[in-house]
Amino acid sequence: MKPLCDLHTHTVASGHAYSTLLENVHMAAMRGLKVYGHSDHARLMPGTTDEIYFTNFKVIPREIEGVRILHGIEANILDELGTIDVSQKLYHKLDYIIASLHSPTFKSLGMEMNTQTLLRVMDNPYVKIIGHPDDDRYPLDIEAIAKAASEKKVVLELNNGSLNPLSTRVNGKANIIKMLEACKKYDTMILMGTDAHICFEVGDFEASLQLLKEVNFPKELVINFELSRLNMVYNQ
């Protein structure tokens, strides 16, 4: 199966990424993607852009080089209540929200509270994607998270960047395998995301595809293989 979309990507607006929106879209087109989503970091990530950046997406064409464009954001989870750094006025200006644990904005509270934090994030009806729940710096009860995600129609991300040996995340591959096994058990949908921080990474899912093959993961549970499944991640 060929991936048709990449929704977790960053542009120079994130502050620590290196390609423009157009450079990313061009690579998406070259790699045969049908849908490209840009999801720059929300306001409390050091170095990222101001909230006003996310209010002006109306100037971006909805199709570039034959690729459909979706507007997203990667929100930072801030506390055990599941608060994210995206104001409610932005919700309706975004096609989707990825919510993630990041070291500059969240300090680990231990497995039980980290898990409860993600469960509370899932209660936000505008958050449909949990980003990279695969880092030993944030121990998680992945069984509980996969079960809740299935029940709440939330998608868990298979982050290709976490499979990079140079990733700052700890034990990414082992944790992703645990996540995939739990997702199989509970019929939890996943979304492959490259987490691209430079255009050369956009649409490159080689490591993720190999891992899906290794664990014999059902293709029916992968958003990227069927564009009609994207309805699961749209803001309501």
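**Figure 1. Overall size of the protein chain in the predicted model.** The protein chain has 236 residues, and a compact globule with that number would have a radius of gyration near 18 Å. The value for the protein chain is 16 Å, which agrees, so the chain fits the expectation for a compact globule. Along the principal axes, the C-alpha atoms fill a box of roughly 45 × 35 × 35 Å.

**Figure 2. Helices and strands of the protein chain.** The secondary structure comes to six helices and eight strands. Read from the N terminus, the order of the elements is β-α-β-β-β-α-β-α-β-α-β-α-β-α.

**Figure 3. Strands β1 and β2.** Strand β1 covers residues 5–6 and pairs with β2 in the parallel sense, over two bridges. D6 stands opposite Y36 in β2. Strand β2 covers residues 35–38. V35 and G37 point one way from β2, while Y36 and H38 point the other way. V35, Y36, G37 and H38 are all buried.

**Figure 4. Contacts and burial in the protein chain.** Of the 236 residues, 56% count as buried. Among contacts between residues at least 6 apart in sequence, 77% join residues at least 24 apart.

**Figure 5. Surface and charges of the protein chain.** The accessible surface comes to about 10300 Å². Carbon and sulfur atoms account for 54% of this surface. The protein chain carries 24 positive and 30 negative charges. The mean position of the positive charges and that of the negative charges are 4 Å apart.

Definitions and conventions
Residues are numbered from 1 along each chain as its sequence is written. This is a predicted model: local features need pLDDT of at least 70, side-chain atom pairs count only at pLDDT 80 or more; totals for chains, interfaces and linings use all residues. Side-chain values use heavy atoms; hydrogens and water are left out. Helices (H or I, at least four residues) and strands (E, at least two) are DSSP runs, numbered from the N terminus. The radius of gyration is taken over C-alpha atoms; the globule rule is 2.2 Å times the number of residues to the power 0.38. Buried means under 20% relative accessible area, exposed over 50%, partly exposed in between (1.4 Å probe, protein chains only). Contact means heavy atoms within 4.5 Å. Accessible areas come from the Shrake-Rupley method with a 1.4 Å probe; for residues, only the protein chains shown count as cover. Lys and Arg count as positive and Asp and Glu as negative; His and the chain ends are not counted. The place of a charge is taken as NZ of Lys, CZ of Arg, CG of Asp or CD of Glu. Two strands pair if DSSP finds at least two bridges between them.
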